[in-house]
Amino acid sequence: LKTDPWDLSVSPTHFREHVSYLQARGDVWRLVDYVRALRRGALPRQAIVVTFDDGYADNIQKAAPVLKDAGIPATFFIATGKIGQNREFWWDDLARCILHGRPLPFRRISVWMQRVGLSTPSPKDNPSAREDLRYGQQGTLGQRKELYERLWTYAYSLDPQSRSDFLTMLR
């Protein structure tokens with residue numbers, strides 16, 4: 001299942017368009033060269049560095065070949081905390097719980113959220129839609145995204161063990 005609740009990802013086709021644009025500009029630098037020039041005070045105004053900061057497998061599987069074909073240098077940062085683990089990032093786990101179509105036990109989520117001091121989602125345009133979600137129906141994507149964002153903010157504030165416990169409870 002693919003989920004992008006923050007609308008950050010770029011389709012392969014759109015990514016190729018980005019790379020073509022960068023290729024046409026011709027001012028993409030390797031990160032190490034950029035840093036050296038920056039330290040010398042000799043960095044051109046239009047210098048560009050391409051980085052991938054999330055450590056997802058599609059960076060190497062999809063993006064790297066496109067960049068290589070275009071001759072565009074890039075730096076890939078690796079999420080070393082995930083090496084040797086067979087678990088997804090916590091925010092992806094949360095998205096899987098909230099955003100993927102199955103009915104939600106909203107009444108239990110609502111009670112739990114009130115216990116930890118979080119307000120429950122309230123649809124802006126359709127108050128009756130909240131009742132559908134409350135009773136375990138599908139809920140609108142907008143409601144689910146609002147719920148995801150509230151729970152993400154809460155989970156982000158937790159230490160790793162508490163976050164893991166929270167996700168286990170939510171699952």
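A residue is called buried when its relative accessible area is under 20%, exposed when it is over 50%, and partly exposed in between (1.4 Å probe, protein chains only). The structure described here is a predicted model, in which local features need pLDDT of at least 70 and side-chain atom pairs count only at pLDDT 80 or more, while totals for chains, interfaces and linings use all residues. Residues are numbered from 1 along each chain as its sequence is written, and side-chain values use heavy atoms, with hydrogens and water left out.

Helices (H or I, at least four residues) and strands (E, at least two) are DSSP runs, numbered from the N terminus. Helix α1 covers residues 12-25, and its end C-alpha atoms are 20 Å apart, in agreement with the 20 Å that its 14 residues should span at 1.5 Å a residue; the expected span is 1.5 Å times one less than the number of residues. Its buried residues are F15, V19 and L22. An α-helix has 3.6 residues a turn, so residues three or four places apart point the same way. The face turned away from the buried side carries the exposed residues Y21 and A24.

Next come the charged pairs. A salt bridge is a side-chain nitrogen of Lys or Arg within 4 Å of a carboxyl oxygen of Asp or Glu, and the whole structure holds seven of them. One joins K145 and D7 (3.7 Å, N to O), linking distant parts of the chain: K145 is in helix α7 (residues 141-156) and D7 in the segment before α1, 138 residues apart. Another joins R171 and D93, with the closest N and O atoms 2.7 Å apart. R171 lies in the segment after α8 and D93 in helix α4 (residues 90-99), so this pair ties together parts 78 residues apart in sequence. R171 counts as exposed at 53% relative accessibility, whereas D93 counts as buried at 11%.

A polar atom of the R163 side chain does lie 3.4 Å from the backbone oxygen of Y156.

Technical notes: Polar contact = N/O pair within 3.5 Å; in protein donor to acceptor, adjacent residues only side chain to side chain.
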